[in-house]
Amino acid sequence: MSFRQFSSDADVIAFARQHSDLLSADEPLRVEEIGDGNINFVYRVSGASTSLIIKQALPYIRIIGEGWPLSQDRIRIEAEALQLEAKHCPDLVPEVYHYDAEQCAIVMEDISAYDNLRNVMVARQKLPLLAEHLGRFLADTLFYTSDLYLDAHAKKALVKSFINPDLCKISEELFFWDPYCDHERNSINEYLRPDAERLWQDEALKLEVAQLKMKFLNQAEALLHGDLHAGSVFANASGCKIIDPEFAYVGPAGFDIGSIIGNYVLNIAGQSNLPGDQAERQDYQQWLLDGINILWNTIAQRFRQHIRDETTDPSLQQAAFADWYLSSLLADSLGYAGTEVIRRTIGLAHVLDIESIEDAQQRAESERLALTLGQLLIKERASFSHIEALTAKLAEQLFCH
């Protein structure tokens with residue numbers, strides 16, 4: 001049997017029945033296509049009392065077609081990443097019921113009880129457990145896939161299993177190339193164009209970005225989600241689910257941490273001009289800053305505990321080593337946060353947090369703020385000894401003008 005794209009609802013239903021015992025054999029089922037559908041097909045299959053998700057990868061990017069081929073191995077990588085993450089944080093990822101290599105498809109848990117974090121943040125909803133849960137996910141998935149925990153053979157096998165050149169190439173270009181030149185893929189608000197042109201001439205900034213890029217290319221530190229933005233997180237008051245790790249590969253741990261911090265910062269910038277009462281928007285900005293503190297401090301606390309209790313290499317068990325490691329990790333994380341903020345502002349893929357500001361001039365104000373914060377995160381990343389110093393600096397940019 002070779003790969004066959006699902007061509008009808010009947011195909012999807014037959015696949016669901018074959019590979020899950022959640023659906024009874026005789027109950028009527030319905031299929032709806034969900035998600036943005038940019039790269040893959042994603043379906044929800046629903047019965048009277050339960051539902052599940054099926055995701056199928058095509059041999060190319062769906063919205064572009066065969067002109068942009070893309071390895072279908074990405075769906076194996078996603079399935080295996082979800083299963084590995086579930087070993088360490090089973091409550092924070094959707095359960096994988098089945099992975100079918102022939103049909104390049106995953107059958108997994110439906111998480112429709114949770115809301116897309118991007119929409120949650122735009123609506124200024126405060127979720128009490130969000131930052132702590134994100135911090136736990138990051139600390140545990142990164143630590144347990146790093147040399148701090150794995151022996152040499154297991155670590156090298158992990159690197160080999162998650163070689164992901166097609167999707168890494170996309171990230172390399174969108175994060176570290178396009179936004180720093182007048183690239184045809186960039187999408188720039190006309191009112192922001194002079195700011196973008198100044199950024200392209202900032203050689204000091206581009207040197208820092210080049211250093212971050214080299215770590216992205218060469219530092220095989222831990223298994224990354226690889227695309228951890230607010231749209232990859234679904235959340236409610238009781239918890240969250242992190243989805244879509246098809247960009248997973250073994251890279252610098254700070255990249256994942258920075259990506260989600262960057263999405264906090266993007267919403268902070270957007271809130272300056274989103275509709276609504278100013279006091280309410282500023283209160284939410286402060287809540288987001290507090291969330292960045294909680295997220296990082298959760299990561300740091302869990303890393304210290306894991307190193308103390310579970311790192312077996314005596315040369316890595318020193319308290320002074322943990323201090324050095326976390327200081328380096330914080331600097332990397334802030335740098336990658338800055339690249340996420342800048343690429344979402346003048347690169348190809350923008351975010352609702354800012355794009356939903358209807359007036360282009362007002363939107364440019366938030367975009368300008370995002371560029372300012374993004375450059376601060378990159379250029380000054382090594383100067384912050386603790387996260388509270390960083391969030392105080394961000395607050396100064398927000399509230400002291």
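**Cavities, strands and a buried serine**

The second largest cavity is lined by Phe175, Gly226, Asp227, Leu228, His229, Phe255, Ser259, Glu340 and Arg343. A cavity here is a set of points on a 1 Å grid over the protein atoms alone where a 1.4 Å probe fits but cannot get out, and lining residues have an atom within 4 Å of a point. The model is predicted, so local features need pLDDT of at least 70 and side-chain atom pairs count only at pLDDT 80 or more, while totals for chains, interfaces and linings use all residues. Residues are numbered from 1 along each chain as its sequence is written, and side-chain values use heavy atoms, with hydrogens and water left out.

Helix H9 and helix H11 (319–346) each give two or more residues to the lining of this second largest cavity; helices (H or I, at least four residues) and strands (E, at least two) are DSSP runs, numbered from the N terminus. The lining divides into 3 nonpolar, 3 polar and 3 charged residues, where Ala, Val, Leu, Ile, Met, Phe, Trp, Tyr, Cys and Pro count as nonpolar, Asp, Glu, Lys and Arg as charged, and the others, Gly among them, as polar. The volume of the second largest cavity is about 40 Å³, taken as the space filled by probe spheres set on grid points that are joined across faces, edges and corners.

One of its lining residues, Ser259, lies in helix H9 (residues 253–271). Serine 259 is buried, with a relative accessible area of 2%; buried means under 20%, exposed over 50% and partly exposed in between, with a 1.4 Å probe and protein chains only. Leaving aside residues up to four places away in sequence, Serine 259 touches Phe175, Leu228 and Glu340, a contact being heavy atoms within 4.5 Å.

In total, 2 cavities of 30 Å³ or more are counted. The largest has a volume of about 60 Å³, and its lining is made of Leu84, Glu85, His88, Phe137, Thr141, Thr145, Leu223, Leu224, His225 and Asp256. By type, the lining of the largest cavity has 4 nonpolar, 4 polar and 2 charged residues.

Now to the strands. An open sheet is formed by 3 strands in the order E8-E10-E11, with antiparallel pairing; two strands pair if DSSP finds at least two bridges between them. At the edges are strand E8 (115–116) and strand E11 (239–242), each of which pairs on one side only. Helix H4 (residues 130–143) packs on this sheet and touches E10 and E11, its direction making about 40° with that of E11; axes are lines fitted to C-alpha atoms, for helices over the stretch in contact, and angles run from 0 to 180 degrees between N-to-C directions. Strand E10 (residues 233–236) is joined to E11 by 4 bridges, and phenylalanine 234 stands opposite lysine 241 in E11.

Elsewhere, 6 of the 6 residues of strand E2 (residues 41–46) are buried, so this strand is largely enclosed by the rest of the structure. In a regular strand, side chains alternate between the two faces of the sheet. Phe41, Tyr43 and Val45 point one way from E2, and Val42, Arg44 and Ser46 the other way. Strand E1 (residues 30–33) runs antiparallel to E2 and is joined to E2 by 4 bridges, with arginine 30 opposite serine 46. With strand E3 (residues 51–56), E2 pairs in the antiparallel sense over 6 bridges, and tyrosine 43 stands opposite isoleucine 54. E2 and E3 form a hairpin with 4 residues between them.

Note on methods. 1 Å grid on protein atoms, 1.4 Å probe; cavity = no way out; pocket = protein on both sides within 12 Å on 5 of 7 lines; lining within 4 Å.
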